[in-house]
Amino acid sequence: MIDLGSIAGLHKNRHELHAFCRGCRRWSVLDLAAMIQAGQGSRRLPVTVRCRLCGEVGELQVRPPMPRSESAGWVSPLAAEI
């Protein structure tokens, strides 16, 4: 079973936890490794986070790992000469 309900589970499975502040209208990526080192790895989602700038409670979003690719996109380049 894959655990995506805890801070440690998200980190282990290479997911990211982002928070959105409505007051500042900005996103922030939470440092899961630092949270684990601080003894918070067993905390279960949802967790309450506050914006460092305005103090408003953030809205969380779990993001899965993105595949790595060397290509610039999914469209193949056109041939230079036909």
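User: Which strands each supply at least two residues of the lining of the largest pocket?
Analyst: This is a predicted model, in which local features need pLDDT of at least 70 and side-chain atom pairs count only at pLDDT 80 or more, while totals for chains, interfaces and linings use all residues. Residues are numbered from 1 along each chain as its sequence is written, and side-chain values use heavy atoms, with hydrogens and water left out. A pocket is an open set of points on a 1 Å grid over the protein atoms alone, where a 1.4 Å probe fits and protein lies on both sides within 12 Å along at least five of seven lines; its lining residues have an atom within 4 Å of a point. With strands taken as DSSP runs of E of at least two residues, and helices as runs of H or I of at least four, numbered from the N terminus, the strands asked for are β1 (16-21) and β2 (26-29).

User: Which element gives the largest share of the lining of the largest pocket?
Analyst: The lining consists of 16 residues, and S28, L30, V49, R50 and R52 lie nearest the centre of the pocket. Four residues form the largest share, and they come from β2.

User: How many residues of the lining of the largest pocket are charged?
Analyst: Asp, Glu, Lys and Arg count as charged; Ala, Val, Leu, Ile, Met, Phe, Trp, Tyr, Cys and Pro as nonpolar; the others, Gly among them, as polar. The lining has nine nonpolar and two polar residues, and the number of charged residues is five.

User: What volume does the second largest pocket have?
Analyst: The lining of this pocket is made up of R14, E16, R63, P64, P65, M66, P67 and R68. By class, four of these residues are nonpolar, none is polar and four are charged. The volume (the space filled by probe spheres set on the points, which are joined across faces, edges and corners) is about 200 Å³.

User: Is G39 buried or exposed?
Analyst: G39 belongs to the loop between α2 (32-37) and β3 (59-63). Buried means under 20% relative accessible area, exposed over 50%, and partly exposed in between (1.4 Å probe, protein chains only). Because its relative accessibility is 60%, G39 counts as exposed.

User: How far apart in sequence are the parts that D3 and R44 tie together?
Analyst: D3 and R44 form a salt bridge through their side chains, at 3.3 Å from N to O; the term requires a side-chain nitrogen of Lys or Arg within 4 Å of a carboxyl oxygen of Asp or Glu. D3 lies in the segment before α1 (7-12) and R44 in the loop between α2 and β3, so the parts tied together are separated in sequence by 41 residues.

User: With which residue does E59 form a salt bridge?
Analyst: The closest N and O atoms of this pair are 2.3 Å apart, and the partner of E59 is R22. The pair links distant parts of the chain, 37 residues apart: E59 is in strand β3, and the loop between β1 and β2 holds R22.

User: The side chain of which residue is joined to that of S6 by a polar contact?
Analyst: S6 is located in the segment before α1, and it is buried because its relative accessible area is 5%. A polar contact is a pair of N or O atoms within 3.5 Å, where, within protein, one must be able to donate a hydrogen and the other to accept it, and residues adjacent in sequence count only if both atoms are side-chain atoms. At 2.8 Å, the side chain joined to that of S6 is the one of D3.
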